[in-house]
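Good morning, colleagues. May I ask you to turn to the structure on the screen while I take you through its pockets, its ligand and its backbone.

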Amino acid sequence: MTPATLAPQVRQRTIAKARTLLDALPFLREHWGTTIVIKVGGAVMERAPLSLSFAKDLALLQHVGIHPLIVHGGGPQVTEVSARLGLPVAFVDGLRVTDADTLDVATMVLAGKLNTEIVATLLAGDVPAVGLSGVDGGLVVVRRRPDPDLGFVGDVVRVDVEVARTLMDRRFVPVVASIAVDESGQTFNVNADAVAAELAVGLGAHKLVYMSDVPGVLGRGGELLSELGSREVADLLRDGAVVEGGMIPKLESAARALEGGVPRVHLLDGRVEHALVLELFTPEGVGTMIVAEGPPGPGSVERVPGPSPVSDREGAR
Ligand SMILES: Nc1ncnc2c1ncn2[C@@H]1O[C@H](COP(=O)(O)OP(=O)(O)OP(=O)(O)O)[C@@H](O)[C@H]1O
Ligand SMILES: [Mg+2]
């Protein structure tokens with residue numbers, strides 16, 4: 001049957017679908033061949049390790065030529081198992097105080113249970129995922145954080161992305177748990193946001209995406225801050241009243257990624273279905289976008305080539 005012989009309402013729907021695909025063309029062009037690091041927070045995985053719809057979003061990304069790497073957290077899950085075992089749970093500025101028992105729990109929960117479950121869900125969604133931790137292939141090397149002493153909490157010293165690149169070149173999607181190693185072979189718990197930022201820098205990623213359980217960075221009155229420059233991020237961190245808990249290492253990591261040459265960092269609400277696809281392939285940016293220097297004024301961001309009438313800012317999000 002040719003389109004001309006379709007019922008008018010079916011024809012309209014068919015054409016609307018074709019338009020949707022064509023509208024995505026500038027974004028497909030922009031992202032083709034690029035690397036995107038996506039960090040999925042533990043908070044959005046509280047009920048299920050990852051949704052199948054997220055897995056399908058990721059499959060779409062891969063099929064349009066994007067090379068994704070996933071880093072995952074698991075804060076609430078580590079807390080839950082620690083509490084069940086009667087271990088103390090404490091945080092300082094959003095970082096978990098990690099004694100030897102808590103390190104055991106973090107390793108079992110993050111690099112064992114959660115990592116395996118995430119990989120299984122991604123495979124079910126047609127994503128050829130491979131589970132790793134920062135220890136594998138010396139991917140993430142840390143040293144003990146000196147001040148304040150939080151126990152087995154590491155600061156990233158360097159990343160060696162060769163194992164990740166080798167997998168990605170063969171179209172596998174690495175899924176990295178945030179356990180890392182120091183020069184002596186001691187393992188450490190590392191904030192997953194920091195791991196994602198350093199891997200994004202090491203891989204020369206085009207974007208770093210944080211998926212959490214909030215709409216984005218929220219301001220003093222709880223309003224969504226949809227665009228921030230790195231200077232504003234520094235102000236928010238200095239202020240101390242607006243940004244608390246897990247948002248502190250997240251924004252510090254975002255700043256580090258921008259400093260290391262990652263052009264854009266996005267904070268998306270992982271509870272919103274298809275948030276990733278909406279952000280990458282439609283002009284409607286969701287969540288918070290963070291760019292180097294001041295907030296982008298009109299014309300300060302490169303125009304996306306293509307036929308779609310998207311504005312400078314929207315097209316380049
Ligand atoms: N200004 C702010 N805007 C948004 N969220 C904030 C702000 N200040 C503090 N937060 C808190 O930061 C939390 C997100 O960080 P959190 O570390 O809990 O999640 P995650 O990093 O996604 O998960 P995980 O640490 O398990 O990987 C939010 O749930 C919110 O409670
Ligand atoms: Mg966190």
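The lining of the largest pocket divides into twelve nonpolar, 13 polar and five charged residues. Please bear in mind throughout that this is a predicted model. The volume of that pocket is about 590 Å³. It is lined by 30 residues, and those closest to its centre are Lys39, Gly75, Phe91, Gly94 and Asn191.

Which elements supply at least two residues each to the lining of the largest pocket? They are helix 4, strand 4, which covers residues 95-96, helix 7, which covers 192-202, and helix 9. Helix 4 gives the most to this lining, with four residues.

What takes up this space? The largest pocket is the space taken by ligand 1. Around ligand 1 there are 21 residues, of which Lys39, Gly75, Ser212, Asp213 and Lys250 are the closest. By class, the shell around ligand 1 consists of eight nonpolar, eight polar and five charged residues. Helix 4, spanning 75-84, and helix 9, spanning 247-259, each contribute at least two residues to that shell.

Let me now turn to individual polar contacts of the ligand. A polar side-chain atom of Lys39 is 2.6 Å from an oxygen atom of ligand 1. In the side chain of Asp213, an N or O atom lies 2.7 Å from an oxygen atom of ligand 1. Glu244 takes part through its backbone: one of its polar backbone atoms is 3.1 Å from a nitrogen atom of ligand 1. On its own, ligand 1 has 630 Å² of accessible area, and the protein covers 79% of it.

Rolling a probe the size of a water molecule over the atoms shows where empty space is left. How many cavities of 30 Å³ or more does the count give? The count comes to one. The largest cavity has a volume of about 50 Å³. Its lining is made up of Gln62, Ile66, His67, Pro68, Met168, Arg171, Phe172 and Val173. By class, five of these lining residues are nonpolar, two are polar and one is charged.

Finally, two points on the backbone deserve mention. Most residues other than glycine have a negative phi, and most peptide bonds are trans. Against that background, the peptide bond from Asp147 to Pro148 is cis, with omega near -5°. Pro148 is placed in the loop between strand 6, residues 140-144, and strand 7, residues 154-159. Asp126, a residue other than glycine, has a positive phi, near 75°. Where is Asp126 placed? Asp126 belongs to the loop between helix 5, residues 100-124, and strand 5, residues 129-133.

Thank you for your attention.

Definitions and conventions: Residues are numbered from 1 along each chain as its sequence is written. Chains are lettered from A and ligands numbered from 1 in the order in which they are written. This is a predicted model: local features need pLDDT of at least 70, side-chain atom pairs count only at pLDDT 80 or more; totals for chains, interfaces and linings use all residues. Side-chain values use heavy atoms; hydrogens and water are left out. A residue is near a molecule or strand if one of its heavy atoms lies within 4 Å of it. A polar contact is a pair of N or O atoms within 3.5 Å; within protein, one must be able to donate a hydrogen and the other to accept it, and residues adjacent in sequence count only if both atoms are side-chain atoms. Accessible areas come from the Shrake-Rupley method with a 1.4 Å probe; for residues, only the protein chains shown count as cover. On a 1 Å grid over the protein atoms alone, a cavity is a set of points where a 1.4 Å probe fits but cannot get out, and a pocket is an open set with protein on both sides within 12 Å along at least five of seven lines; lining residues have an atom within 4 Å of a point. A molecule sits in a cavity or pocket if more than half of its atoms lie within 2 Å of its grid points. Ala, Val, Leu, Ile, Met, Phe, Trp, Tyr, Cys and Pro count as nonpolar, Asp, Glu, Lys and Arg as charged, and the others, Gly among them, as polar. Grid points are joined across faces, edges and corners, and a volume is the space filled by probe spheres set on the points.
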